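Trainee: I would like to go through this model step by step. Please show it first.

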Amino acid sequence: MAPSSVVVTIDKSSNISLVEVNDSDTSVFLEKQKTASTKQFSWTLLLKAHRVLSFFPWIAMGFSKTLVSVKKRIALADNGRDEVQYKERLIYRCIRVFLAISIISLCIEFVAYFQNWDLNFIHEFHPTEVMGLFHWSYMGWVSFRAEYIAPSIMMLSQFCVVLFMIQSLDRFILGLGCFWIKFRNIKPTIDGEAYDIEDASSFPMVLVQIPMCNEREVYQQSIASACQLDWPKDRILIQVLDDSSDELLQILIRNEVNIWSEKGVNIIYRHRFIRTGYKAGNLHSAMSCDYVKNYEFVAILDADFQPNPDFLQLTVPHFQGKPDVGLVQARWSFVNKDENLLTRLQNINLCFHFEVEQQVNSHFLSFFGFNGTAGVWRIKALEESGGWLERTTVEDMDIAVRAHLNGWKFIYLNDVKVLCELPESYEAYKKQQHRWHSGPMQLFRLCLPAILKSKISKWKKANLIFLFFLLRKLILPFYSFTLFCVILPLTMFIPEAELPIWVICYVPVTMSILNILPAPKAFPFLMPYLLFENTMSVTKFNAMVSGLFQLGSAYEWVVTKKTGRSSESDLLAFAERESKSFNEDKIQRRLSESGLEMLGKLKEQEAPVEQKKKNRIYRKELALAFLLLTAATRSLLSAHGIHFYFLLFQGLSFLVVGLDLIGEQVA
């Protein structure tokens, strides 16, 4: 058989066929095969081209919709109340100057790039190498930045990396402590016998306080939840501490209190005529009542908190046989944690705070920061620690530190959860975070002398100063903002001070993973969480500076906006329906003819009024967005791989937040 022949055989006895392709037919065969392959290849290319071309309209449509959405947001933006209304506008001005310089530098770098000048390193050059005045100026700038600017940036970046290593070590130790608690199944225990259900006198006297201020959306459910607490009626008193400035709302809240009072609940309504000191002033005023001396414990529940009926049964017994325990704190649980991306990201942070920080500090130190609500205080501990003071916007942390300095111990119950709300709009969340990060710095200035003079051990003093205040309240926002919003963009224009890739990758990813471990279901949101936390660093850094130097906004208290979401339990829903059924009759019976006019206004105000929802434009975030995107463009010129992608996505994250495209819009 010829070498070029092809033989195909079939082993079966029937239908045996033999095909031979000789040399004379080989060219024809190859020609046909070539023609078929060409057609198949052409069709494959056409199919791929069709897929690629169909992808472009999809991108264009998505981009167009995004632009329309952004345009609408900008058109509806409430620019009259911009967040740069605070007295400390220095940071914003510095960012704008930095942005202007970076844009000018980028233009110069573009010229250098197209002139094929080296953008990444400096070498010795001779006058003969100079190609004109512009080239001479550029080379002079490169020499100056390499000799004078780059070393300073490198020192600052190394300092931030050291701070990160300390912070990560703290997080790692906290994680080990949490693992040990879970591994050994360690939980606070109750000493002594349980209260006798048949003997109400065996139960201690408990005061329940509900401070509120213009809480129209949540006042009914908060009052209803407190009135349904399982505790002997003659051993409990509920104080509704209303600081509302709306007279119509005051009538509604007073009427709600009267409804529950007629049902046999021991509840009173209290309104201050002189509303100073915010929440601290409200609580201080309530504790000055004469009847408070008859009570041993006080439970504090903010207006959006909905405790289960057994809340007091699970918390108050932990005081038995422990005269040195001053506080029992329950965990927060969020009814709207899956409402949008913003609430999901908040839930990650707060899960770490409650699951790790509070639990570990409670077990190993018997001290943690009071969360301001969902806790029960021994009234004696409050009185001996100086009571509620109006000197900061974090009155809860203030009283906790002073009680700790007086030798009182705290207990945290991770298994006792109280439902509450997370801010669903970025505006509300931003204001909340500003207060939460400026207040501790205020308090640190005020408490430092008292901490140094106190009689507690040196270890506890070191823990308060270096861990509780400096490391967790000051260092974290400082290095996060400085490293990723200042140093990293600078290194793109000063490549002699380039940050190592491990810093860009390891620092944020490690911190994010350590934070997200207590909420394993949130791992798909790791990258959004990383970017969002870096984006929030500008707010936290600004708040930290304003609190540390006591600037104007450090004393600003804004009540977090609520939506009125509840757990929708059958008991609560029944109570709300029952109260609404004879709400108007009660008002008519209690008010005079002039009050009937007020009733009409109440009806009008309670009627749903459709309002256009507005967003805001946040100038600091937008300025930083353009700054990071400018730096990303510069990194593209010098082929910085990971730096470019990090700056690009971080800049887009700032852009999304700056245009208020995260969370819900607010009316």
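Trainee: In what order do the seven strands of the open sheet stand?

Mentor: This is a predicted model, in which local features need pLDDT of at least 70 and side-chain atom pairs count only at pLDDT 80 or more, while totals for chains, interfaces and linings use all residues. Residues are numbered from 1 along each chain as its sequence is written, and side-chain values use heavy atoms, with hydrogens and water left out. Strands (E, at least two residues) and helices (H or I, at least four) are DSSP runs numbered from the N terminus, and two strands pair if DSSP finds at least two bridges between them. The pairing in this open sheet is mixed, and the order is 3-2-1-4-6-5-7.

Trainee: How many bridges join strand 1 to strand 4?

Mentor: Strand 1 covers residues 206–212 and strand 4 residues 297–300, and the two run parallel. Across this pair, Gln209 stands opposite Ile300. The number of bridges joining strand 1 to strand 4 is four.

Trainee: Is Ala400 buried or exposed?

Mentor: Ala400 lies in helix 10 (residues 395–405). Leaving aside neighbours within four places in sequence, Ala400 is in contact (heavy atoms within 4.5 Å) with residues including Phe367, Trp377 and Phe410. Its relative accessible area is 0%, so Ala400 is buried.

Trainee: Which side chain does Asn371 join through a polar contact of 3.1 Å?

Mentor: Asn371 lies in the loop between helix 8 and strand 6 (375–378). A polar contact is a pair of N or O atoms within 3.5 Å; within protein, one must be able to donate a hydrogen and the other to accept it, and residues adjacent in sequence count only if both atoms are side-chain atoms. The side chain joined to that of Asn371 is His353.

Trainee: With which residue does Glu355 form a salt bridge?

Mentor: A salt bridge is a side-chain nitrogen of Lys or Arg within 4 Å of a carboxyl oxygen of Asp or Glu. Glu355 lies in helix 8 and its partner in helix 3 (residues 133–183), so the pair ties together parts that are 173 residues apart in sequence. The closest N and O atoms are 2.5 Å apart, and the partner is Lys182.

Trainee: How far apart are the closest N and O atoms in the salt bridge of Asp243 with Arg272?

Mentor: Asp243 lies in the loop between strand 2 and helix 5, and Arg272 in the loop between strand 3 and helix 6 (278–287), so the pair ties together parts 29 residues apart in sequence. Asp243 is buried at 7% relative accessible area, and Arg272 counts as buried at 8%. The closest N and O atoms are apart by 2.6 Å.

Conventions. Buried < 20%, exposed > 50% of the residue type's maximum accessible area, 1.4 Å probe, protein only.
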